[in-house]
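Dear colleague,

Please find below the structure that I am handing over to you. My notes on what was found in it follow directly after.

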Amino acid sequence: MPYRRFPKTDTARLKSLGILLDNNDVYVAERRFLDMAKINAAKLLYDKLKTLSSQFLLAYEAQMKNYQLIAKPQKNMMMFINHFMRVLCMSIERGEIKYSAIAEYYGVDDIDETMRQLHNVDYAYVQTPEIVRGEKQRVAAGGRPIYNPTIGMVATHYDIFKDVYEQQKILNAKSERALAELKALREEVDGLLVDVWNQVEAHFADVPPEQRFDECRRYGLIYYYRKGEKKPE
């Protein structure tokens, strides 16, 4: 005997609701056993789910597309800021720049920890402007500028990355918001389906099994036969 299985995807939810709403018996007074308010609720949820699932898909596709655009600017920004900091460390080791300049201009208390953290893109995104500002202040105070890379090259690649990074954060937030709304709606849809399916099965409880399953399917119920279980001819 088959078992009923509730939809696990939005496509399956929409299909089940669509079958229910396309069944003329739910609208004809003489044959209707489901409350009309329940049918109206199903129609409302169907329209909302169709709209929200489409909006989430569009937001997710835009999010993934921008991820492809962000890879190269991120790689360049990370490479230039890390290389700049390694050159800065070597300049300190050679005595060309005082160690005190690290805290004075760049706002760095522990250079080793900063070098380790700069491999994290979120940290590098926040810290790079501070390093750029610090290098410009040090040079303005008479310090010898660092070359290969220059701070201008670091700043340029940071600005390029910043544009796509900020866009990515906006797209991420939009996608997360759409998904949160979709998850909440799924709970409403699933609750209604449970109620409707229980009422339908109760209504056809006295009908012979295979005929009962066919009648229930007309109201959107989904039945599956277990693996190895034979379907009736």
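In these notes, a residue is called buried under 20% relative accessible area, exposed over 50%, and partly exposed in between, with a 1.4 Å probe and protein chains only. This is a predicted model, in which local features need pLDDT of at least 70 and side-chain atom pairs count only at pLDDT 80 or more, while totals for chains, interfaces and linings use all residues. Residues are numbered from 1 along each chain as its sequence is written, and side-chain values use heavy atoms, with hydrogens and water left out.

Salt bridges

The whole structure contains 15 salt bridges, each defined as a side-chain nitrogen of Lys or Arg within 4 Å of a carboxyl oxygen of Asp or Glu. One of them joins Lys169 to Glu166, with an N to O distance of 3.4 Å. Both residues belong to helix 6, three residues apart, which places them about one helical turn from each other; helices here are DSSP runs (H or I, at least four residues) numbered from the N terminus. Lys169 is partly exposed at 40% relative accessible area, and Glu166 is likewise partly exposed, at 28%. Elsewhere, salt bridges with shared partners connect Asp10, Arg13, Arg186 and Asp190 in one network.

Within that set, Asp10 and Arg186 pair at 2.9 Å, N to O. This pair links distant parts of the chain, since Asp10 is in helix 1 and Arg186 in helix 6 (residues 151–203), 176 residues apart. Asp10 is buried, its relative accessible area being 13%. In helix 2, Lys43 and Asp47 form a salt bridge of 2.8 Å, N to O, and they stand four residues apart, about one turn of the helix. Lys43 is partly exposed at 41%, as is Asp47 at 34%.

Packing of helix 1 and helix 2

The axes of helix 1 (residues 10–22) and helix 2 (residues 36–93) come within 10 Å and cross at roughly 145°. Axes are lines fitted to C-alpha atoms, for helices over the stretch in contact, and angles run from 0 to 180 degrees between N-to-C directions. Contact means heavy atoms within 4.5 Å; on that basis, residues of helix 1 including Asp10, Arg13 and Leu17 meet residues of helix 2, among them Lys43, Tyr46 and Leu49.

Nonpolar cores

A nonpolar core is a set of buried Ala, Val, Leu, Ile, Met, Phe, Trp, Tyr and Cys residues joined through side-chain atoms within 4.5 Å. The largest has 33 residues, of which Met77, Met85, Leu88 and Phe161 touch the most other members. Helix 2 provides its largest share, eleven residues. Helix 3 (100–106), helix 4 (111–117), helix 5 (121–140) and helix 6 are among the helices that each supply at least two. Leaving aside residues up to four places away in sequence, Met85 touches Ile111, Thr114, Met115, Leu118 and Ile131. A second, separate core of 28 residues includes Leu17, Val26, Leu182 and Phe213.

Backbone at the loop

Most residues other than glycine have a negative phi, and most peptide bonds are trans. In the loop between helix 5 and helix 6 lies Asn148, which has a positive phi of about 55° although it is not a glycine. Asn148 is exposed, at 60% relative accessibility. The peptide bond from Asn148 to Pro149 is cis, with omega near 10°.

With kind regards
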